[in-house]
Amino acid sequence: MSGRSGSGVQATDVLVVGGGPAGSTAAALLARKGYRVTLIEKARHPRFHIGESLLPANLPLLERLGVAQQVREIGMQKWGAEFICPRERRQQDYRFCEAWNKSMPYAYQVRRSEFDRILIHNAARLGAEVIEGARVSAVDLGQQSAPITVQVQAEDGAVSTWRARFLVDASGRDTFLANTLQSKRRNRQHNSAALFGHFSGARRHAGEREGHISIYWFDHGWFWFIPLSDGATSVGAVVWPYYLKSRSVPVHEFFLATIALCPPLAQRLANATLTTEVEATGNYSYSSTRSHGEGYLLLGDAYAFIDPVFSSGVMLAMNSAFVGADAVDACLRAPARARAALREFDRSMRSGPREFSWFIYRVTTPAMREMLLAPRNLLRMKEALLSLLAGDIFGSTPIWKSVRAFKMTYRLSSLLHPRRSARAARRHSINIRPV
Ligand SMILES: Cc1cc2nc3c(=O)[nH]c(=O)nc-3n(C[C@H](O)[C@H](O)[C@H](O)COP(=O)(O)OP(=O)(O)OC[C@H]3O[C@@H](n4cnc5c(N)ncnc54)[C@H](O)[C@@H]3O)c2cc1C
């Protein structure tokens, strides 16, 4: 528990901003290491959040946190993914059991309100003080060894002051610290927006494929179709900004009209009912120029977010919390190890988004579509691709030579079709321009 100093200022060892997957994971791990941890969350759980498809690489993290069983109870088993190109009438199934490392054959699709509630309760169970309905509104990062001071505003407007030895920013796309430090940069190589909602009565695949995520390409981007365990289906369109900007009707009408542009998806939703408001979100490709500084670090989306096409966000957020908690521990308990731990943290923060980005930037090009729709396991390229799709990028699975071979093949294929590639490059630069 936190302590109150004579001045009415509350003191804690680690103050965590935000109780999404990154913040709740970091708070749980640091509380388990014996620190006084205070997690401030502006919403109250359960609260809606987008990002419902997990990766197999999430499962070992859930085990280590001690919540694997609880997530199993709310999750829909996801054994794979399918990519569908309606224009070419082609489809390709990927099953995680065929990845390089066969020990991670499935993941889950989850309602984030339930998943995030499990994680934040776990942080409290392990001893973190969790304060919901309160927003971190300002920070003074202090000078040299002076403690960090944070202002917290409760729902009734009351402001309290906190002192912390360490600040962990896990505020997600609010990017609290990156805004304060002015370190947030728009991604110049990618730019997209999204529209999404939940349906009941969507047509599902049978058997093991029921929990697959389906990705449909269409002229203005791509769709996801994510079946949840309670019968609901999350559907989203990730579109180029110009397309969202062209909207002249209410957002739910625009969403349904967008779905109609993708006949195989529209058919699966023919007897389905939209059960939620449709939400739209834009401009979400960014990163911070720094991941840490004296007495603070940035986790998950508070540091970077590129695009959801490979469902990597929650895994990257939770992984950043594991590496981040070790770095915080080193800074507070073993300063001699702090530099190396922070270097390792920074390396991990940059490498995750980087590995996915290469694929994300190219996923709508004809050459990448071709390779995803007709994968070949020459030089174990398909297994390596599947490992990447499973999020198995931080462990010791030796996929990297095969990933390089995949990239070389992509480049070769682009060179063999120069006109098609030039057209795709031109189109891409038009698609990502800010509007
Ligand atoms: C359209 C779209 C689709 C996506 N689909 C997927 C998917 O299928 N799979 C996947 O893995 N990822 C997906 N993602 C990404 C995923 O949602 C995020 O990567 C993930 O939620 C990041 O976790 P986080 O803990 O860093 O941030 P968040 O989950 O956003 O949590 C941040 C928390 O901080 C709180 N907060 C913010 N500011 C403050 C403040 N000042 N004070 C106190 N609390 C604060 C917020 O209320 C929130 O609860 C998607 C993202 C988008 C935009």
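This is a predicted model: local features need pLDDT of at least 70, side-chain atom pairs count only at pLDDT 80 or more; totals for chains, interfaces and linings use all residues.

Analyst: R89 lies in the loop between β5 (80–85) and β6 (90–95). Its phi is near 50°, a positive value in a residue other than glycine. Most residues other than glycine have a negative phi, and most peptide bonds are trans. P46 itself is placed in the loop between β3 and α2 (58–65).

The space taken by the ligand is the largest pocket. Several elements each give two or more residues to the shell around the ligand: the helices α1 (21–32), α9 (300–303) and α10 (313–333), together with the strands β3 (37–41), β9 (134–140) and β15 (221–227). There are 35 residues around the ligand, and those that come nearest are E41, H49, S53, D301 and V314. By type, the shell holds 15 nonpolar, twelve polar and eight charged residues.

H49, one of the residues that come nearest, has a polar side-chain atom 2.7 Å from an oxygen atom of the ligand. In V136, a backbone N or O atom lies 3.0 Å from a nitrogen atom of the ligand. In S311, a polar backbone atom is 3.2 Å from an oxygen atom of the ligand. Taken alone, the ligand exposes 1,000 Å², and the protein buries 96% of that.

Turning to charged pairs within the protein, the structure holds 24 salt bridges. One of them joins R165 and D13, with the closest N and O atoms 3.4 Å apart. This pair links distant parts of the chain: R165 is in strand β11 (residues 159–169) and D13 in strand β2 (residues 10–17), and the two are 152 residues apart.

Conventions:
Residues are numbered from 1 along each chain as its sequence is written. Side-chain values use heavy atoms; hydrogens and water are left out. A residue is near a molecule or strand if one of its heavy atoms lies within 4 Å of it. A polar contact is a pair of N or O atoms within 3.5 Å; within protein, one must be able to donate a hydrogen and the other to accept it, and residues adjacent in sequence count only if both atoms are side-chain atoms. Accessible areas come from the Shrake-Rupley method with a 1.4 Å probe; for residues, only the protein chains shown count as cover. On a 1 Å grid over the protein atoms alone, a cavity is a set of points where a 1.4 Å probe fits but cannot get out, and a pocket is an open set with protein on both sides within 12 Å along at least five of seven lines; lining residues have an atom within 4 Å of a point. A molecule sits in a cavity or pocket if more than half of its atoms lie within 2 Å of its grid points. Helices (H or I, at least four residues) and strands (E, at least two) are DSSP runs, numbered from the N terminus. Ala, Val, Leu, Ile, Met, Phe, Trp, Tyr, Cys and Pro count as nonpolar, Asp, Glu, Lys and Arg as charged, and the others, Gly among them, as polar. A salt bridge is a side-chain nitrogen of Lys or Arg within 4 Å of a carboxyl oxygen of Asp or Glu.
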